[in-house]
Amino acid sequence: MRHAFDFRIGRTRLLGLNNATGPLAAEALGALRERLDGAAAAGERVVLCMHRNIVGLHPEWGRQTEEENRDLLALIRERAVPRVLAGHWHEYHEETRGPTRFVVVPPTGDRSIETG
């Protein structure tokens, strides 16, 4: 799996995934599963950082986003990943699903930017 980064700050492990060109392939999901299991065994908390958002934010095509990423979302749910950060969206969005907080930020991190 090609990670943009994988490092620790104390007991927090930050995993950067490159999903800029689309959903992660099965091989990449397997590698992520291994990293998440290793973090759990070490008692580390994981923050998953991605280029593209994986939760449905738009009423017209949001369902497609989630369907394309269903395996990744299932893995996040199964491993109770506490935080998932993403960009690529021009509006701030956050929501909690089970134990996971999904946060999507605009390119500048400025919450005042609106789509368009």
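**Exercise 1. The aromatic pair**

Task: How many aromatic pairs does the chain contain, counted by ring centres within 6.5 Å? State also how the rings of the pair are arranged, and whether F5 is buried or exposed or in between.

Solution. Step 1: The count comes to 1 aromatic pair in this structure, which is a predicted model.

Step 1: The pair is formed by F5 and F7, with 5.5 Å from centre to centre and 50° between the ring planes. Planes under 30 degrees apart would count as stacked and those over 60 as edge-to-face, so this pair is classed as tilted.

Step 2: The relative accessible area of F5 is 32%, and that of F7 is 36%. Buried means under 20% and exposed means over 50%. Therefore F5 is partly exposed, and F7 is partly exposed as well.

**Exercise 2. The overall plan of the chain**

Task: Determine how many helices and strands the protein chain has, and in which pattern they follow one another.

Solution. Step 1: The secondary structure consists of 3 helices and 6 strands.

Step 1: Along the sequence, these elements follow the pattern β-β-α-β-α-α-β-β-β.

Step 2: Of the 116 residues in the chain, 38% are buried.

Step 3: Among contacts with a separation of 6 or more, 52% join residues 24 or more positions apart.

**Exercise 3. The largest nonpolar core**

Task: Which residues of the largest nonpolar core touch the most other members, and which element supplies the largest share of the core?

Solution. Step 1: The core holds 24 residues, and L32, L48, L72 and I76 touch the most other members.

Step 1: At least two core residues come from each of strand 2 (12–17), helix 1 (26–41), strand 3 (45–52), helix 3 (70–78), strand 4 (83–87) and strand 6 (100–104). The largest share, 5 residues, is supplied by helix 1.

Step 2: In soluble globular proteins, nonpolar side chains tend to be buried together.

Step 3: Beyond its neighbours within four places in sequence, L48 is in contact with L15, L17, L32, I76, V81, R83, V84 and L85.

Step 4: L15 is buried, because its relative accessible area is 0%. Although L15 and L48 are 33 residues apart along the chain, their C-alpha atoms are separated by 5.0 Å.

**Exercise 4. A charged residue in a strand**

Task: Is R13 buried or exposed, and what are its contacts outside its neighbours within four places in sequence?

Solution. Step 1: R13 belongs to strand 2.

Step 1: The relative accessible area of R13 is 8%, so R13 is buried.

Step 2: Leaving aside neighbours within four places in sequence, R13 is in contact with D6, F7, R8, R35, G38, A39, E44, R45, V46 and V47.

**Exercise 5. A residue with positive phi**

Solution. Step 1: A80 lies in the loop between helix 3 and strand 4.

Step 1: Its phi is positive, about 50°, although A80 is not a glycine.

Step 2: With a relative accessible area of 38%, A80 is partly exposed.

**Exercise 6. A loop residue**

Task: Where is H90, and what separates the C-alpha atoms of H90 and V105?

Solution. Step 1: H90 is in the loop between strand 4 and strand 5 (93–97).

Step 1: H90 is partly exposed, with a relative accessible area of 42%.

Step 2: H90 and V105 are 15 residues apart along the chain, and their C-alpha atoms are separated by 7.1 Å.

Note on methods:
Residues are numbered from 1 along each chain as its sequence is written. This is a predicted model: local features need pLDDT of at least 70, side-chain atom pairs count only at pLDDT 80 or more; totals for chains, interfaces and linings use all residues. Side-chain values use heavy atoms; hydrogens and water are left out. A nonpolar core is a set of buried Ala, Val, Leu, Ile, Met, Phe, Trp, Tyr and Cys residues joined through side-chain atoms within 4.5 Å. Buried means under 20% relative accessible area, exposed over 50%, partly exposed in between (1.4 Å probe, protein chains only). Helices (H or I, at least four residues) and strands (E, at least two) are DSSP runs, numbered from the N terminus. Contact means heavy atoms within 4.5 Å. Rings of Phe, Tyr and Trp (its six-membered ring) pair if their centres lie within 6.5 Å; planes under 30 degrees apart count as stacked, over 60 as edge-to-face and the rest as tilted.
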